[in-house]
Amino acid sequence: MIRVFGYLAWRSAHNRIARQLRHLRSPRYVAALVFGLAYLWFTFVAQRSGTSQHEVADGRWVELVGSIALLGTVAWSWIFGVERRVLKFTPAEVTFLFAAPVSRRGLIQFKLLHSQLFILFNALLWTLILSRERFGLSPWLRVVSIWVLLTTLSFHRLGASFVRTSLADHGRLGVRHRVVSLIVLGAVLIAWTWSIAEALPQLAESSGDSPFAFLPALGEAAARPLPTALTYPFRLMVRPLIASDVTDWLRALGPALVLMLVHYVWVVRSDTAFEETAAAVSLQRAQARSEGRGQAKDARSTGRITPPLLRLAPKGWPAGAIFWKNLVAVARTRQLRKVALTLLLGGALMAALSFQLEGGSLASIAGWLAISWAAATTLIGPQWVRNDLRGDLLKLDLLRSYPLRGWSVVSAEVAASTLVLTIIQFSLLLLGYLAFLGDQLMEPDLRQRTLLLLAAVIFLPAVNLLGMLIQNGTALLYPAWVRLGSGGPGGVEALGQNVLMMVVYVALLSVLLLLPLAIGGGAFLLLRGAIHEWAAVPATVLILGTMAFEAALLVDWLGRIFERTDPATVGIG
Amino acid sequence: MIEVEGLHKLYGEFPAVQGLSFQVGPGEVLGLVGPNGAGKTTTIRSLAGIIIPSSGRIRVAGHDLALDPVAAKAQLAFIPDEPHLFDYLTVEEHLRFIGRLYGVPDVSARIPVLLEEMDLRDKRGALPGELSRGMKQKLAIACGLLHEPKVLLLDEPLTGLDPVGIRRMKATIIRRAAGGSAVILSSHLLHLVEEICTRLLVLQYGRVVAFGTMAEIIASRPGLRTRSLEDVFLALIGQDEAAGA
């Protein structure tokens with residue numbers, strides 16, 4: 001049976017790649033490929049000679065940071081994850097495989113096998129991305145190390161989702177079925193909480209000055225016995241990556257492989273009755289998806305449909321309907337009100353704590369976290385928030401039948417995701433601002449922090465708009481090569497692709513920001529002598545004006561592309 | 001109401017539609033029939049402005065679809081065989097969404113009437129995920145009818161409907177045509193075509209094989225006079241032996 005599954009997985013992958021390559025008949029795709037290859041060559045190959053002079057990265061730090069990051073990822077999948085991505089069956093798989101004389105365990109093994117192609121591809125990408133970092137061994141050994149790490153992580157997430165769903169679906173019966181997993185989880189949670197409580201005063205003390213002082217304190221905290229035990233499995237996963245020679249690598253790979261196999265056994269030998277349930281749920285989901293109703297599941301599962309925050313006025317800008325629709329979708333999928341309430345309460349709590357001597361340290365940790373997240377969302381946000389053309393392009397037929405010009409559709413679509421991302425960033429920044437509100441000793445002082453917040457409020461929407469135009473433009477120009485749909489950017493296994501996309505995105509955004517910053521900066525320097533700091537006002541106006549001009553040009557161009565895009569030719573709709 | 005002149009659509013070297021010309025006036029129901037791959041869906045999607053013809057001209061209610069697409073599209077409705085709905089809009093919100101897009105002035109008054117006509121009154125607050133295949137199709141049809149289009153393009157409109165739904169749908173099409181809309185209907189259901197279409201356009205390999213009323217088509221081929229529509233259709237596409245079998 002494994003040969004049949006192997007044949008299906010291999011032929012599907014082969015044909016999919018062949019189909020993607022057929023798009024190279026279009027000059028647009030050829031240009032993208034040439035640009036991409038040139039970029040990769042320049043970044044990872046041409047500069048390799050220079051990297052030999054880099055100091056070898058300190059393996060201990062890589063191990064520490066890597067293991068803590070993995071611990072966080074795993075914790076996330078236990079606390080928030082409903083991930084069953086690996087077990088999602090396509091309608092064709094449901095039709096042919098579920099009806100075939102194949103055991104449910106066989107089906108699960110098939111999906112695990114199938115996911116390996118994706119993981120291997122991302123392992124290769126990661127190897128390429130990390131090729132300039134000089135820790136570890138040859139690229140080929142690194143591919144194996146990353147593959148083992150990603151596969152273990154993928155199995156773990158799947159196992160976690162089994163336990164979570166078992167508890168949700170079967171209640172007490174689920175607890176009985178999962179008793180070993182739950183005991184292990186309980187012990188880990190207790191150890192985790194204990195470790196954090198023990199390390200918190202030291203971490204909080206170190207975070208007062210700057211976020212960089214936090215790292216050595218983190219290293220000290222992690223060196224204690226309990227955190228060392230807690231992060232031990234994750235260190236095992238990271239160690240093959242930082243081995244200094246082949247012998248060292250082989251020694252590190254053994255435990256990592258054992259860990260991977262233990263996870264495999266955990267997932268595949270899970271309770272058969274539960275696997276039946278999981279497979280049945282996959283079947284329902286696949287059927288639902290084939291009928292185009294899969295994504296409404298989240299909203300349905302809440303049992304009550306969230307009323308839209310804004311009512312759609314019957315009259316007005318016609319494309320405003322698209323803008324409204326995309327905001328409604330976010331409100332119904334991301335549980336916007338709960339998030340808003342949490343941020344509101346969190347903000348109030350942070351502000352109150354910031355005036356307390358004992359709570360101030362805790363507030364400052366939360367503050368730095370919020371600010372770091374806000375900064376990170378400027379880069380990863382446009383990939384993550386997708387309530388725009390990327391979500392709607394699968395319904396291109398429908399969009400094209402509306403009596404709207406292309407620029408109108410593009411601007412409405414992009415405005416929705418820009419607004420959502422901007423609200424997220426503003427909330428995080430406000431949280432950070434409130435967390436340091438009572439801190440009289442902090443540099444920059446309160447006035448400067450207020451000005452920085454104001455600058456963020458002024459510039460972030462424009463930066464986000466350009467960022468969203470880049471992301472939507474990529475989807476519109478290369479619909480066959482870009483993942484369409486409103487779902488998130490994939491799990492940890494897809495991180496390699498996402499990092500690569502982010503690097504390209506940052507490069508394009510930098511190019512777009514160059515002109516506005518040059519004009520605004522030039523104006524500021526020219527006028528500063530005459531009107532002093534007030535020169536910032538015309539400079540700001542010029543920067544925003546240039547960004548608006550660029551955005552208008554992009555919207556117009558993308559609108560024309562939208563009008564020329566033939567759903568049948570590009571393979572969607 | 002809708003005029004098509006010399007419509008060609010090429011996919012690379014492959015001609016999906018070749019030199020199609022016809023007109024459909026107010027009150028007419030044109031049945032677009034042909035075997036799989038004949039070019040029916042390509043034709044209907046070209047008329048809806050979804051795909052761009054390689055050459056030819058399409059005018060909808062006097063507006064050239066290529067030169068003034070917004071005005072032309074405002075006068076037509078396209079209802080595909082597979083209903084495309086937005087996962088997170090309820091039934092009523094779909095209609096309000098369409099009302100805003102098409103600038104329907106009295107949308108609040110029209111919604112209850114359409115929901116009643118489509119038997120969706122009890123589902124007005126439901127998301128598409130809570131609807132059956134047939135109900136989704138009805139919602140897609142209701143969205144198409146909301147702005148009272150002058151041209152109605154239907155691609156396999158009865159797919160997924162139950163017998164009651166089929167009867168209602170046929171009545172709806174006839175009522176719209178009687179109200180002055182031009183209807184173009186693509187279907188493999190020959191009895192539906194025979195029942196409600198005033199004229200037929202038979203396509204094969206992207207070319208017109210026959211065009212006219214049933215009487216006109218049969219008159220041009222005297223050998224088909226006593227035969228059923230199915231036999232006529234098979235004979236027109238050169239599958240006489242299948243008709244004999």
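Which residue in β8(B) is the bridge partner of L30(B)? To find out, let us walk through this model together. It is a predicted model, in which local features need pLDDT of at least 70 and side-chain atom pairs count only at pLDDT 80 or more, while totals for chains, interfaces and linings use all residues. Residues are numbered from 1 along each chain as its sequence is written, and chains are lettered from A and ligands numbered from 1 in the order in which they are written.

Start with chain A. It has 24 helices and 0 strands; here helices (H or I, at least four residues) and strands (E, at least two) are DSSP runs, numbered from the N terminus. Of the 573 residues in chain A, 34% are buried. A residue is called buried if 20 or more other C-beta atoms lie within 10 Å of its own, exposed if 12 or fewer, and partly exposed in between, with C-beta atoms placed from the backbone.

Now turn to chain B and its sheets. One open sheet has 6 strands in the order β6-β7-β8-β3-β9-β10, with mixed pairing; two strands pair if DSSP finds at least two bridges between them. At the edges sit β6 (76-79) and β10 (207-212) of chain B, each pairing on one side only. From one strand to the next, the twist averages 15°. For angles like this one, axes are lines fitted to C-alpha atoms, for helices over the stretch in contact, and the angles run from 0 to 180 degrees between N-to-C directions.

Here is the reply to our opening question: the partner of L30(B) is I184(B). That bridge belongs with β3(B) and β8(B), which run parallel and are joined by 4 bridges. On β7(B), L153(B) also has I184(B) as its bridge partner in β8(B), and β7(B) and β8(B) pair in the parallel sense over 5 bridges. Further along, β6(B) and β7(B) run parallel too, joined by 4 bridges, with V151(B) as the partner of L76(B).

Helices pack on this sheet. Helix α5 (residues 133-145) of chain B touches β6 and β7 of chain B, and its direction makes about 170° with that of β6(B). Two residues are in contact, or touch, if their C-beta atoms, placed from the backbone, lie within 7 Å. Helix α6 (residues 163-178) of chain B touches β3 (29-33), β7 and β8 (182-186) of chain B, at about 150° to the direction of β8(B).

How buried are these pieces? In α5(B), 11 of its 13 residues are buried, among them L139(B), A142(B) and L145(B). Those buried residues pack against β6, α3, α4 (107-117), β7 and α6 of chain B. The length of α5(B) can be checked as well: at 1.5 Å a residue, its 13 residues should span 18 Å, and its end C-alpha atoms are 19 Å apart, which agrees. The expected span is 1.5 Å times one less than the number of residues. In a regular strand the side chains alternate between the two faces of the sheet. Both faces of β8(B) are covered, with A182(B), I184(B) and S186(B) buried on one side and V183(B) and L185(B) buried on the other.

In soluble globular proteins, nonpolar side chains tend to be buried together. A nonpolar core is a set of buried Ala, Val, Leu, Ile, Met, Phe, Trp, Tyr and Cys residues joined through C-beta atoms within 7 Å. The largest one here has 139 residues, and A142(B), L153(B) and V183(B) have the most contacts inside it. Helix α20 (residues 406-435) of chain A gives the most to this core, with 17 residues. L153(B) touches residues including L76(B), F78(B) and I184(B), not counting residues up to four places away in sequence.

Chain B also has an open sheet of 4 strands in the order β2-β1-β4-β5, with antiparallel pairing. Its edge strands are β2 (14-24) and β5 (63-64) of chain B. Helix α1 (residues 40-47) of chain B lies across β1, β2 and β4 of chain B, running at about 60° to β2(B).

Finally, see how the chains meet: 31 residues of chain B are in contact with 33 residues of chain A. On the side of chain B that touches chain A, α3(B) gives the most, with 5 residues. That side has 18 nonpolar, 7 polar and 6 charged residues, where Ala, Val, Leu, Ile, Met, Phe, Trp, Tyr, Cys and Pro count as nonpolar, Asp, Glu, Lys and Arg as charged, and the others, Gly among them, as polar.
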